[in-house]
Amino acid sequence: MYKILRVLLFVVGSFECWAQRQPEPDTTKVVVLHDVVLTASRLEEDLGRSPVSVEKLSSRALYNSAAPSFFDALENIKGVQMLVPSVGFKVINTRGFGNTTNVRFVQMVDGMDNQVPHLGAPIANMLGPSDLDIQSVEVIPGTASALYGMNAINGMANFLTKDPFTTAGISVQQKTGVNRVHTEDGAKIFSETSLRWARKMNSHLAFKINGSYITGTDWVANSHADLNSGANASTGLLGADNPAFDPVNGYGNESSNRRTLSLGGKNYVVARTGYYEKELVDYSIHNAKADAAVHYAFTPDTKLIYTYRFANLDNIYQRANRFRLEDYRLQQHGLAFKSRSVQALAYVNVENTGKSYNARSMGENIDRTFKSDNAWYTGYAAAFQDAVASGMSVADAHRAARAVSDTGRPQPGTAGFDNLIGSLGDINNWDYGAALRVKSRMLHVEGQLNVTEALLANLKASTGLEVLVGFDHRTYIIIPDGNYFINPEEDGHNLLYRKSGGFLQVSRSFGDKLKLGATLRADKNEYYSLKWNPRFTAVYSVSPLHHVRFSFQNGFRFPSVFEAFSNVNSGGVKRVGGLPVMSSGVFERAYNRASIDAFQAAVLRDVNQGGMSRGESIIKNQGLYKKNDYTYVEPEEIRSLEAGYRGSFFDENLQVDVDFYYNRYNNFIAQVEMNIPRTSNADSISYYLADRTLQDRYRMWTNSMTTAYNFGAGLGLKYLFGKNFTMNGNLTYARLQRRSGNDGLEDGFNTPAWIVNLSVGNSDLYQGFGFMVTYRWQDSYYWQSFLVNGDVPAYQTVDMQVSKKLKQVLVKVGGSNVFNHYYNSFLGGPSVGGFYYVTVGYGL
């Protein structure tokens with residue numbers, strides 16, 4: 001860390017010296033305005049006196065960035081890690097334990113959660129604002145549960161949009177770009193057209209309308225790394241000779257599509273052939289979104305706002321599996337009342353997955369349309385014996401057997417193959433089809449009252465005391481589809497999942513130096529007892545420009561709808577929610593899948609290398625399989641300590657922000673695989689667990705038994721020098737310190753130890769020309785997920801843009817990852833290359 005800090009200071013000093021050598025030194029005084037933030041305490045306050053770490057970016061800073069969009073620019077914020085499952089689906093996280101469906105991080109637009117109801121997490125910025133309507137972004141890189149409840153245990157972002165009363169007019173933006181440069185099928189064109197129209201009718205009424213449409217081609221996920229490379233190590237069949245080959249981005253050769261065959265006196269693990277992702281999904285992107293808002297102002301400080309948002313997506317999406325989203329529709333209706341003392345929100349999010357499908361289920365069930373598993377394996381065994389009898393080697397005999405069994409297999413690119421994708425994509429059972437058919441809603445109401453502003457103004461003026469109270473209620477409504485969700489208690493009725501909460505926040509300023517705060521929040525879910533979330537904060541202002549902050553807070557996360565109620569049939573494995581109403585009896589009767597795998601592998605070794613009969617080996621190794629010891633899902637919990645400093649130096653030209661944190665997580669909500677033998681005879685259990693076909697397989701939502709501790713720090717620097725030059729640098733460090741144990745179930749930390757961002761730019765370098773260059777480096781890290789585990793290599797990227805202002809027209813030419821060095825932000829996802837674009841905007 002010391003070396004990196006030295007580099008940062010050297011670069012700052014170098015640019016300062018360069019600026020001082022310019023022939024016409026700047027004589028303009030730069031006045032730094034003190035930012036006001038809303039999200040950190042639900043009250044407007046000076047950014048420097050925020051009691052927790054918060055990052056704020058203005059619309060100008062976002063537009064001047066070298067990133068293609070404001071959402072992409074969030075990757076360069078201190079503390080933020082971004083995963084890229086797709087061009088149109090990017091996931092932001094802070095402070096560790098991230099994944100491609102990050103239910104621990106909340107995204108809001110003007111205070112309204114824009115999550116997809118059945119997932120409990122947003123799909124990137126699909127239901128959010130466009131570049132034309134973004135006013136600012138506030139990011140809290142840390143726990144915010146005491147004020148916001150639900151999922152905000154890792155952090156949250158609030159996207160604040162423009163007010164039509166103050167930003168009226170028409171603005172248009174056309175972004176045209178190209179990606180997938182230097183790929184086997186050539187570069188692809190990208191286009192995004194955006195429109196904003198806002199009008200102030202009179203002093204009381206204003207409205208705005210936004211719309212954008214994106215077309216393009218997605219990045220390709222095409223890793224051939226073998227997830228099952230050691231399956232046949234006992235027979236020496238490795239690498240290209242492994243008949244159980246299971247590539248990361250190949251589907252139809254997973255564990256549910258494999259069997260152990262006894263051939264020629266040895267046991268071999270054999271997988272069906274499967275298909276690669278690029279053969280199963282359409283990588284074209286067609287994303288449309290629009291919103292409209294009507295603002296009525298009773299007074300300048302008192303407004304009633306109705307907002308409607310709509311999005312329709314054709315895109316790639318990723319959970320444990322990869323999905324093709326087609327005609328996927330999201331909507332949000334919201335009503336907000338805002339005054340100096342009262343804030344109230346009511347909104348509903350509506351989801352319809354349209355014609356979307358699961359790529360993994362599509363691959364395995366296309367295989368089964370031409371030949372059942374039993375028929376395929378029977379033919380394979382016969383062809384193998386014939387090949388060996390003809391003198392072939394064992395490896396060649398396996399290849400020959402596969403070729404015989406695959407005769408007549410549907411071929412990608414043919415009309416018949418495309419027809420199968422269409423027909424299976426409409427079958428809503430993943431044992432036979434691949435459809436994702438979910439319809440859901442989320443109703444949310446909340447309100448808050450600034451008691452001292454509304455009722456006790458004199459108390460606030462005389463003592464500095466400020467009291468804020470609030471409440472919220474949320475109901476999820478899921479329409480059972482028979483595959484993803486069922487209602488086990490009231491067949492034919494919708495699933496309802498409800499939660500209510502409230503908070504009391506008291507803060508007091510002691511002069512201009514010290515401000516103390518305490519918050520207590522209570523949340524009640526109908527399936528769990530009352531949960532209490534306290535927060536204690538202190539801010540000490542050494543001077544008006546230097547502030548030190550401390551905080552402690554607790555946070556809970558209730559299981560999402562999917563974690564609580566899922567009921568997915570997926571290729572012989574049933575994924576079941578962790579509530580007792582869904583999974584009663586499964587936990588009690590099941591055996592741990594990992595121990596069963598170890599048991600089966602030991603049997604395989606003994607038969608192939610030890611000369612034992614299969615029965616003898618089963619008896620010998622039966623002590624390896626273990627009864628399941630997990631149980632019904634409970635809320636996840638975090639306790640977090642944080643300290644920080646924010647200050648300004650050199651006539652406020654240098655701004656510094658530092659934060660440190662220490663977290664403890666309990667009861668990670670995660671999945672565990674377990675199997676139930678199809679017998680109640682104790683003497684037969686060993687034989688049933690040795691045979692995959694004699695077990696019912698489950699993937700259950702439960703809690704890890706491990707307590708995890710992690711800590712980290714961040715350093716942010718912003719330096720203004722020369723004439724309009726800015727330099728930004730930030731450094732983020734995150735580390736998983738230790739675990740109380742290692743039951744293998746806790747979520748992966750999935751976070752690099754080091755992330756570095758450096759940028760330099762000038763929005764008006766010469767006669768309206770501006771530029772920005774951003775460098776990003778991310779350390780290697782270990783990725784853990786249900787799809788694949790392994791090391792993600794370190795990578796570095798350079799983004800740059802050059803802009804020109806022409807009266808009301810702004811032209812921006814730029815690129816992200818301009819050197820086109822393909823990288824993976826996580827394992828199992830796509831390789832991300834360069835993206836080059838030209839943006840022309842009017843009325844910005």
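This is a predicted model: local features need pLDDT of at least 70, side-chain atom pairs count only at pLDDT 80 or more; totals for chains, interfaces and linings use all residues.
1. You'll find 41 aromatic pairs in the structure. Take Phe 97 and Phe 668: their ring centres are 4.6 Å apart and the planes sit at 45°, so this pair counts as tilted. The two come from distant parts of the chain, 571 residues apart. Phe 97 is in the loop between β5 (89-94) and β6, while Phe 668 is in the loop between β32 (654-666) and β33 (669-677). Buried or exposed, these two? Both Phe 97 and Phe 668 are buried.

2. Tyr 317 and Phe 323 make a further pair, with ring centres 5.9 Å apart and planes at 45°, so this one is tilted too. Tyr 317 and Phe 323 are both buried. They also belong to a cluster linked by ring pairs, in which you'll meet Phe 89, Trp 430, Tyr 484, Phe 485, Phe 562 and Trp 701 as well.

3. On the surface, have a look at the nonpolar patch. Its members are Met 201, Leu 205, Val 294, Tyr 296, Phe 298, Leu 304, Tyr 306 and Leu 335, and together they have about 670 Å² of accessible area. Two elements, β17 (284-299) and β18 (302-318), each give two or more residues to it. Strand β17 has the largest share, with three residues. As for Tyr 306, look for it in strand β18. Its relative accessibility is 36%, which is why Tyr 306 counts as partly exposed, between the 20% and 50% cut-offs.

4. A couple of backbone spots deserve a second look. Most residues other than glycine have a negative phi. Asp 110, though, has a positive phi, near 50°. You'll see Asp 110 in the loop between β6 (105-109) and β7 (112-113), and with a relative accessible area of 21% it is partly exposed.

5. Asn 750 also has a positive phi, near 50°. This residue lies in the loop between β36 (725-739) and β37 (754-766). Asn 750 is buried, because its relative accessible area is 3% and buried means under 20%.

Notes. Residues are numbered from 1 along each chain as its sequence is written. Side-chain values use heavy atoms; hydrogens and water are left out. Patches are made of residues with over 30% relative accessible area and no salt bridge: like charges are joined within 9 Å, nonpolar side chains (Val, Leu, Ile, Met, Phe, Trp, Tyr) within 5 Å. Accessible areas come from the Shrake-Rupley method with a 1.4 Å probe; for residues, only the protein chains shown count as cover. A salt bridge is a side-chain nitrogen of Lys or Arg within 4 Å of a carboxyl oxygen of Asp or Glu. Helices (H or I, at least four residues) and strands (E, at least two) are DSSP runs, numbered from the N terminus. Buried means under 20% relative accessible area, exposed over 50%, partly exposed in between (1.4 Å probe, protein chains only). Rings of Phe, Tyr and Trp (its six-membered ring) pair if their centres lie within 6.5 Å; planes under 30 degrees apart count as stacked, over 60 as edge-to-face and the rest as tilted.
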